[in-house]
2 protein chains.
Amino acid sequence: MNAQRDYADLVQRGLSLDLTRGKPSPRQLDLSNDMLRLPASYRAADGTDGRNYGNLQGLAELRELFAPLLQVPAAQLVVGGNASLAMMHDTVVHALLSTVPGAVRRWVEEPEITFLCPVPGYDRHFTICERLGIRMVPVPMGADGPDMDVVERLVAADASVKGIWCVPKYSNPSGIVYSDETVRRLAAMETAAPDFRIFWDNAYAVHHLTDTPAELADLLALCAEHGHADRAFVYGSTSKVTLAGSGVAFFGSSPDNVAWFLANTGKQSIGPDKLNQLRHVEFLRDAEGVAAHMRRHAELIWPKFELVDRVLAKELGGLATWTSPRGGYFISLEVPHAGEVVAKAKAAGIALTPAGATHPYGTDPADSTIRIAPTYPDLEELEQAIAGLAVCVRLVAEERG
Amino acid sequence: MNAQRDYADLVQRGLSLDLTRGKPSPRQLDLSNDMLRLPASYRAADGTDGRNYGNLQGLAELRELFAPLLQVPAAQLVVGGNASLAMMHDTVVHALLSTVPGAVRRWVEEPEITFLCPVPGYDRHFTICERLGIRMVPVPMGADGPDMDVVERLVAADASVKGIWCVPKYSNPSGIVYSDETVRRLAAMETAAPDFRIFWDNAYAVHHLTDTPAELADLLALCAEHGHADRAFVYGSTSKVTLAGSGVAFFGSSPDNVAWFLANTGKQSIGPDKLNQLRHVEFLRDAEGVAAHMRRHAELIWPKFELVDRVLAKELGGLATWTSPRGGYFISLEVPHAGEVVAKAKAAGIALTPAGATHPYGTDPADSTIRIAPTYPDLEELEQAIAGLAVCVRLVAEERG
């Protein structure tokens, strides 16, 4: 194989392909087009008019539908707007500006706030920290979740450690699932900070790609069991279930945390868009409706994950490693000199998330992680993009000897 | 007239009426029921897929539609979620946590932040300040807006004064409209704080009730003209145009402020619900479509305002004063011992916004302002409620001599 000649051919072809963001494809969005004609009725189950103001916590019927899927009792679930990211961001803002249950003061009055960031992780979590002046400490991820020895040591030693970001199921970007033991240790561990919180971004709770769905231990229940009832902030959304820009987001936690959250959001809004909540209830109906809908997504997505795996195995066997997730939206490719590979790909018209984006401050010390988002392109484009990416990996390997 | 006997009769009737919040009536919401079947197309005017992520600033066609109505160039308008209150709250949060253009530091680092609050005013503005630890200083309102002599003196003397809340058209709750001279003086005045901002909540921009719509001077243009381009934050929403819980909100300002706002919200969200934006564009079409729609609202609301005026005149001539707004959602009733009147009304099953709510910290020093929200009840209920309220006013006047 001559990587230089292959790369010259690749550039010659003038591709324009995008593997950057975890966006659903148009065919996935088509699965929810019936929602554009809903809701059939603007009445909530309790008879209230879904068109008017009010209902800060969100409709009971929607909370009941998603409660088991997100492992949060319906009474402790809050429905927000179209972005769980906004609920995460706003939770941190609330904690900065209003004392969270168990805290001695508002976080903005602390000399320093630190969050643990399992890496590789989700760049938008890190952006929230960076924007809000929160120091980030990376923690290595393994096949079962973050290295819990490291986590336990850090939270016990340093009272400035107030939070940890987790994508526990089909993690972004590695696709791994936290083991029961990891979840248990997160719930049980002793922390120096009395107001330590786990930001549990269960973004891919129902996003299975195979017939053997991953099971996740119940963090909220485990926290309560270990005497840390207020430790977990749980998030979820339907952005990758129904319509990416027009989904509904969820926040779930202990009763005290939910009261605190609602007291704060009650000063921000008179209530969420309940017609969109009704649209979701009418369209998804129940847990089986969600599961059936997610199987239709999987039929469209799984061939793309298989394709990436196949092309990488064919082109890069021995030169790189990558994950083979059974759910979620991402594949994590580990190669030497990731930054150079991404730059070469960009020059050949293949856009990838910047190398380092999976790490705090955009810096991957090993310069090795590339996040692949295979859902948006069609199969033909995806094959071209991954084959092209493989050429770039081979070229950099050759140039670097 | 025997007020005690009338009050005993009133209590006897066991009413349950609510004049607390400015909510549209079901018949007003019916005017927008066609939206429940929209959008007909999920494509934005630029061809992008409105179902997917993205477009932080909002659809150009919706910004162009509302730009003239809110007196903000479309390029400087941002479309948010369903609540302009959230955009106001979040702007203050952004200013607390990220340095606003022209500021020397983040507001959270200032020893004290003060906002001027024209009174009577909107309780939810005051709640935002109270929640975020911002000191409030009341400023008396006149028929043309806040007393500008007081405003000019306070902003010139005290660098901690960083903001003023304004509902400039059909003000909440008095219904007055800021005169051109008031707007000009707000734009022109010298402020001790380099980062002083006018929070211009133009909630009732198109909410005319008569054939002679109020005209408001263009604050944004006047600020730029007087060398204070970054002074105005403008807000609006369709909550009382289309569907109260499912409208779209707007933020408008100078190019520098908009860039600052988007840089902050870009860390909070991947983008707004664009299908709801398309719904609005398809349903309202253009400025004339908005005007025609608002005339249909006025046909339902104006008889209620007339009724309140008529009943108050008949029952309370000489005992009280009240406003007769030509737009908006509220009537302001001025009576002695407002707190007692509200308590008597409550005991008779007529719920009113707590006396004092129109003032910072819930305290009306003169104990005189009662906010009447006449839109939600039907005419018969409204007549009962206002007649009952009048009985309470007479009773308190008699008891207090």
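The model is predicted, and it scores ipTM 0.97 and pTM 0.97. Chain A averages a pLDDT of 97, with 100% of its residues scoring at least 70. Over all chains the structure holds 34 salt bridges, of which two are counted between chain A and chain B.

**The interface of chain A and chain B**

- On the chain A side 55 residues are in contact with chain B, and 55 residues of chain B meet them.
- The area buried between chain A and chain B is about 4400 Å², and carbon and sulfur atoms give 53% of that area. Of the area that chain A buries against chain B, A:Arg51, A:Tyr53 and A:Arg131 supply 18%, which is more than any other three residues.
- Across this interface there are 31 residue pairs in polar contact, with both residues of each pair at pLDDT 80 or more.
- Helices H2 (26–30), H4 (84–97), H5 (123–131) and H10 (274–284) of chain A each supply at least two residues of the side that touches chain B; H4(A) gives the most to that side, with eight residues.
- One salt bridge between the chains is formed by B:Arg51 with A:Asp30, where the closest N and O atoms are 2.7 Å apart.

**Salt bridges within the chains**

- Within chain A, the side chains of A:Asp49 and A:Arg51 meet in a salt bridge at 2.8 Å, N to O. A:Asp49 counts as buried at 15% relative accessibility, and A:Arg51 is likewise buried, with a relative accessible area of 0%.
- A:Glu399 forms a salt bridge with A:Lys344, the closest N and O atoms being 3.5 Å apart. Because A:Glu399 lies in helix H13 (residues 379–399) of chain A and A:Lys344 in helix H12 (residues 338–347) of chain A, the pair ties together parts that are 55 residues apart in sequence. A:Glu399 counts as partly exposed at 41% relative accessibility, and A:Lys344 is also partly exposed, with a relative accessible area of 23%.
- In chain B, the side chains of B:Asp149 and B:Arg185 meet in a salt bridge of 2.6 Å, N to O. B:Asp149 lies in helix H6 (residues 148–157) of chain B and B:Arg185 in helix H7 (residues 180–188) of chain B, so this pair ties together parts that are 36 residues apart in sequence.
- A:Arg105, A:Glu110, A:Lys162 and A:Asp195 are joined into one network by salt bridges that share partners.

**Helix H3 of chain B**

- Just after H3(B), B:Gln71 takes a positive phi of about 60°.

**Helix H12 of chain B**

- In helix H12 (residues 338–347) of chain B, the buried residues are B:Ala338, B:Val341, B:Val342 and B:Ala345. Seen down the axis of H12(B), these buried residues fall within an arc of 95°, so they line one face of the helix.
- An α-helix has 3.6 residues a turn, so residues three or four places apart point the same way.
- The buried residues of H12(B) are covered by parts of chain B that include strand E12 (350–351), strand E13 (369–372) and helix H13 (379–399).
- H12(B) is followed by B:Gly349, whose phi is positive, near 85°.

Key. Residues are numbered from 1 along each chain as its sequence is written. Chains are lettered from A and ligands numbered from 1 in the order in which they are written. Side-chain values use heavy atoms; hydrogens and water are left out. Buried means under 20% relative accessible area, exposed over 50%, partly exposed in between (1.4 Å probe, protein chains only). Helices (H or I, at least four residues) and strands (E, at least two) are DSSP runs, numbered from the N terminus. The arc is that of the directions from the helix axis to the C-beta atoms. Contact means heavy atoms within 4.5 Å. pLDDT is the predictor's confidence in each residue, from 0 to 100. Buried area is the accessible area (1.4 Å probe) that two parts lose on being put together, summed over both. A salt bridge is a side-chain nitrogen of Lys or Arg within 4 Å of a carboxyl oxygen of Asp or Glu. A polar contact is a pair of N or O atoms within 3.5 Å; within protein, one must be able to donate a hydrogen and the other to accept it, and residues adjacent in sequence count only if both atoms are side-chain atoms.
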